[in-house]
Structure formats: structure tokens, C-alpha cells
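Let's take a friendly walk through a protein model, looking at its loops and strands. Keep the picture at hand as you read.

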2 protein chains.
Amino acid sequence: MSRLALLSAVSLAFATPLAAQENAAPITPANPVTPDSIVAASTPEEWTEIDPGDLLVMVLAPGDDESPRFVVIQLIPAPFSQPWVENIRTLARAHWWDGTSVYRVVDNWVAQWGDVSEDRPLPEGVVSPESEYASVLPPAPEFDQAVFPLTAMLRSMWIEEFVTGEIVEAPNADAIKQAIARQKGDSYALETAFVGGWPMGSGPDTQRSTTAWPVHCYASVGVARDLAPDTGTGSELYAVIGHAPRQLDRNIAVVGRVIDGIEHLSTLRRGTGDAGVYESRDQDTPILSVRLASETEEAEHWRYQYLSTQSESFARYVAVRANRNDAFYTVPASGVDICNVPVPIRHIDPLTE
Amino acid sequence: MSRLALLSAVSLAFATPLAAQENAAPITPANPVTPDSIVAASTPEEWTEIDPGDLLVMVLAPGDDESPRFVVIQLIPAPFSQPWVENIRTLARAHWWDGTSVYRVVDNWVAQWGDVSEDRPLPEGVVSPESEYASVLPPAPEFDQAVFPLTAMLRSMWIEEFVTGEIVEAPNADAIKQAIARQKGDSYALETAFVGGWPMGSGPDTQRSTTAWPVHCYASVGVARDLAPDTGTGSELYAVIGHAPRQLDRNIAVVGRVIDGIEHLSTLRRGTGDAGVYESRDQDTPILSVRLASETEEAEHWRYQYLSTQSESFARYVAVRANRNDAFYTVPASGVDICNVPVPIRHIDPLTE
């Protein structure tokens, strides 16, 4: 390997072709365990297809090289942020965003789009919801199983046993290592977990109910708003293009995440006007259209799967991300923050399936 | 405020003109406390000038709009990563990077530069050091004082008292809030702290000495290398352009941080070749020159200050970032991760000083 190596990119876990898993080599000492190798060794049953009715396809005007720019956003499922998600479906069906723009880009913060003129009338019924940013989790079994306490898992099992396929209750784990792990945690939430494929924070609310809320990670999509108690309608949206701004959790509605094409937002020139809005409208990036994927003519093209966060492969993927132990790493961190565990998502090419 | 607001940008804390502090309004209920207002209310004595001999100025070829592109990097001080920092000084003095390029850009990961051809001879003495990535902290008083345990501070004081200027030992802090704070922490290190203006992780090493190491945050600069035990020379460098890749801590040498012009790296098109290297050399961004600021003709222009991490204003800045409580936020996080506390750094314009 050349000295250019550094290491393979996390984001390459995105858009891994489906064919990769069929050719996956077994994990052996000669094939070191990495997040990518875990994903490649997963089984087809561990992947869940995303409903095209939950995907927004945003088409930006072509860039300097004239190539098309598609940004695909997965909307968050119930019970999270649903009043805003319904507004967004209404806005897409009304073709409300066609002819609007990306008008604000702030380095290590967000790219924001919608109607910079603020005079485009909203469709009937699209108002700022009076809703909570956190949800009391329903007692349905699927949610109880899906809540996956990241820190607890890291405390109770160690990578050496885990990647071999045998989950062992750490009988030989070093006591100091355990003591260190016990004192580590998330900086913002009492627990972090994945629920139905989405990263969540959780903890007691003022009534001591256990609530969960979607967290702001790289590529998260949220609802821009004015000062509290305004919650925004969903017509003005932003995507995170920097370090996870977790201080926004429970203060803004997270409504989705960019699952393809985030680079079309993260590479846009940064705005130099007030709060990073572009100084003149000719600096904006025009939005040609925003549609639900299920309502596009090429609906069969917009097929994506995510690695089920209840699957054994996902559990191993988390453990390996927290304990990198391949030929590149010499000091495993024995911990990971939830935004450093991007859920593997891949495009399915109908032609090669 | 318009509904475009979202909130003011973290990165605006960078490059705040010096004049701002002289005009700072007092912090009152009518002027809500924000990270920016804390910085604006700081005193001149709380700022420390960065030695121009610790600054690298990288000049990229002009972009599409023909404007110049300067990237300013602050090198990390002793005792951290010094063998690589010395190599980097030697390379800059030899004009080694002139005519090299930024050849690898991976979304939410890094932009990397140096000699993509790998055939440019290194100056005499520039070899991969055999050195540790973590340092045992010297017993010098300045280091003992400077180690600033972020989590401990958040446990022992609360924003309500703190921002008024009276540091109170939380006699009236809510017991539940304290219990939650005790269970939170950093996901990677036993403690996080600032040492001499730099974010650090710390914890016991295998000999139970307390060590500290520079952490990877947005804009951190590190030494690309081949597989361990190779440590890299410093000729190939990268800057982080996404979520903090803390798993790299103690596995790669952090040698500095971009303090101005990171957007010239973060907006570059993403590479589509192996590991994000550009597929053809005409996609590279040429590097015209890299110099120590003290050795440039316009040395007096490259003057920057950082808010001392031992200052009271910095302590308040951390507390406010962990407890946002202004007109925008309704749920303070009561915690913050160290990479979400960018050290305020500003350019000094000699003409307006």
C-alpha cells in the first residue's frame, strides 16, 4: 500500500454495490476485520428496503461540469417529527420547491434551502406544528427490541470474542478497560441507540417518562425556524455539512437524512452574507424539482436498503467501529459516538440485482 | 428575525474583528448570553497571540472565480507531535510542497495534499519518526493549570450562576440534572481538556501514567501514513472536513489545525478514485507554495490570536456551549463534546488595531 493510504473512507460504506456481499471473503486473520468487511459479510436478509414513498428526490441545477445533481433524502418514520414530515409531503406534492434554491451555506454547519424571497404562499394546511421534538416510545415490541444502548453494549462485550461470531459476556475482559468504559458515555444524552435504522438519544423527560429523539449527525436534515416557540413548517430545510451539532437536538425538528448526494450540498461555496446567506441571488443554487421518489417517472431507480440496526451484522459493525483493530490501528478507542456510526445504506441497481 | 434564521453560525466566532470586543454590549437579560456574546465581552488580556513561526501559509492556485486561496495552519506546540512538526518546518523551508497538490478529498472525512507522484525526494533528515502519539504531561505548573476537565466543570457549576460572573459551587443544582451529568462523558477519552489552546484527550496509559493526546476535530491537520508501525513523515498531510474522526486519536500524529481558509479545502470536489484520490491529475488543486508565516514577505499580515483556554471568558464560553439558553434554544443539552467547542481564533488586522 502506498504512503498515500491514510485509510479507507467511512463514506465508502454508502452506495456499496449489492454484488459486494455475494463476493465477500470470510473474515480471517488474513482478512482483517473492518467496518467495511463486516458490511460486506452481512446476509441479504439483514438489509431492509426503504419505501420509495419515504424518499425525497431533490434535483439541483447542473454544476460547472454540467452533470446532474441529485440529492436523495430519507424521511424519518413515525413516531418522530411526523407533523413536519406530513407538511413536507404536502409541499413536495404541490411542487412547492420547484424554482426555489439553496441560499445559505455555512462551513462546518449547514446548507439550507427553500424560498429565500419568503413570499411564496404555502399550500393550505402547511403551518408550524405545535409538537414535541421528542417522543415517548410506544410499548410495541419492535421498538423495545430496536432500542439498542450503545454504551451498554460496549461495556458487556469485547471485540476479540465478538467478531468471531460468539457473543461472550466478557469473562476475560481487563478490569481497567471496563472501568474506563464505564466512565465514558455520550456528551449529550443519557443513552444513545438506534431505533428502526435511525440514531437516537434517549433519557427521562420532566415527567420521568423515557423519551427518545432523533439526533443531529452529519447529513441530518432538519426544519429551519425562527426563535422559539416557532417550530418552522418544513418549507425551509437544512442539511448538516459538518461536525454533529448535537446542541440542536430537541430544539429543532429532525425530519430526515441525506442518503445519496450529500456532496452536492457540502461542496457548495460558503455564503458571506448575514448568517451565511449568499449576498446575491445569482450565487444561489437553483432547485429544479423536489418529488417523493414514488411519484417520479423513474420510481424503480430510487431503491435503497439499510443494514437493519437490529441485525447481528450491525451490532458487529458498531463494535468494530468502537474498537478498530486492523493493520492500520494500534490503539482501539474502546468507544464511539453515535454520529460516528453511520448506518450503512446502499443503492440497489435494478440492472445488476 | 426572518424565518431564514436557523441560528448564527459557530464558525463566525472565527475571524471576529478585534474591534468587536471594544464595542461589546454588557450581558443582560435583553442581550441573551450566547457563545458569540461571551467572546465579544472578553478582555484584550484574555487573548494570546500566535507566534508567526508556528503558522504555515499554504497558497492554492486560484479557483474558478480567480480569487486567491490561502489556507493558514497553526502547528501544535511541544510536547505534542514535535518530531513531525520539525519535519514540517524543514519541508516548508525547503519549499518542498511548492508544485505539489491537493490530490484526495473524501466527503465527511479528509482533504489530503502532498506529492501524489511519490517520487519527489525528501530533504535530508526527514524520515518517519519513531515517536508516541500521546505525551506524558510534564509537571510544569502551566500544564497542570491548563488541563481543564470539561466534564468535571460541567458537573460542578451551572450556567445560571456562572454567566453572571459569580462562580458558585452548585448548591441549588437539581439532583436529577446532576445525576444525568455524572453519567455523561466523552465517548473516546476518560477526560477531555484544553491544554495551551488545544483540545486534548487524556487517560492512563499501560504504565498508568496520565497521558494526553491531541484529538481529531473538524479542521485538525494530521500526518497521512501507511500501515502501522509506519508513522508518516509529515510530507503528506490531511485536514479533517467532516465529523470528528476521533477513532484516529493516538493512531495518527495530529500536527496542527487550519485556523483560516478551511473552506478552500472543504468545498473541493470529492475524489472518485480509490480511497477518494482524484482519478486524473488535472482534477488536483495545485499548491503554489507553503511557507512558515514568519518567513513570508508579508509576515506582519499573518497575525492571529486565540482566546486563552485558561481565561475566565473561555470557561464561560464552554459552559454556554454546553447549556444553550437563549431565545432560540428551549432544551439546553447540559453537555458538549470537546470538538463542539472550537477555540475562538481571530485575525488581527494591523491597519485597524
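Start in chain B, where Pro79(B) sits in the loop between β3 (69–75) and α3 (82–93). The peptide bond that leads from Ala78(B) to Pro79(B) is cis, with omega near 10 degrees. Please remember that you are looking at a predicted model.

Chain A has a cis peptide bond too, joining Ala228(A) and Pro229(A), with omega about 10 degrees. Pro229(A) belongs to the loop between β10 and β11 of chain A.

Now turn to strand β11 of chain A, residues 237–240. On one side you find Leu237(A) and Ala239(A), on the other Tyr238(A) and Val240(A), and all of these are buried, so both faces of the strand are covered, because buried means under 20% relative accessible area.

Which strands are joined to β11(A) by bridges? Strand β5 (residues 110–114) of chain A runs antiparallel to β11(A) and is joined to it by four bridges; here Val110(A) has Val240(A) as its bridge partner. Strand β10 (residues 220–223) of chain A is also antiparallel to β11(A), with three bridges, and Val223(A) stands opposite Leu237(A).

| Residue | Phi | Relative accessibility |
|---|---|---|
| Asn108(A) | near 55 degrees | 18%, buried |
| His95(B) | about 55 degrees | 37%, partly exposed |

Asn108(A) is found in the loop between β4 (101–105) and β5 of chain A. His95(B) lies in the loop between α3 and β4 (101–105) of chain B.

Definitions and conventions:
Residues numbered from 1 in each chain as written. Chains lettered and ligands numbered in written order. Predicted model: local features only at pLDDT ≥ 70, side-chain atom pairs only at ≥ 80, totals over all residues. Heavy atoms only, no water. Buried < 20%, exposed > 50% of the residue type's maximum accessible area, 1.4 Å probe, protein only. Helix = DSSP H or I, 4+ residues; strand = E, 2+ residues; numbered from the N terminus. Pairing = 2+ DSSP bridges.
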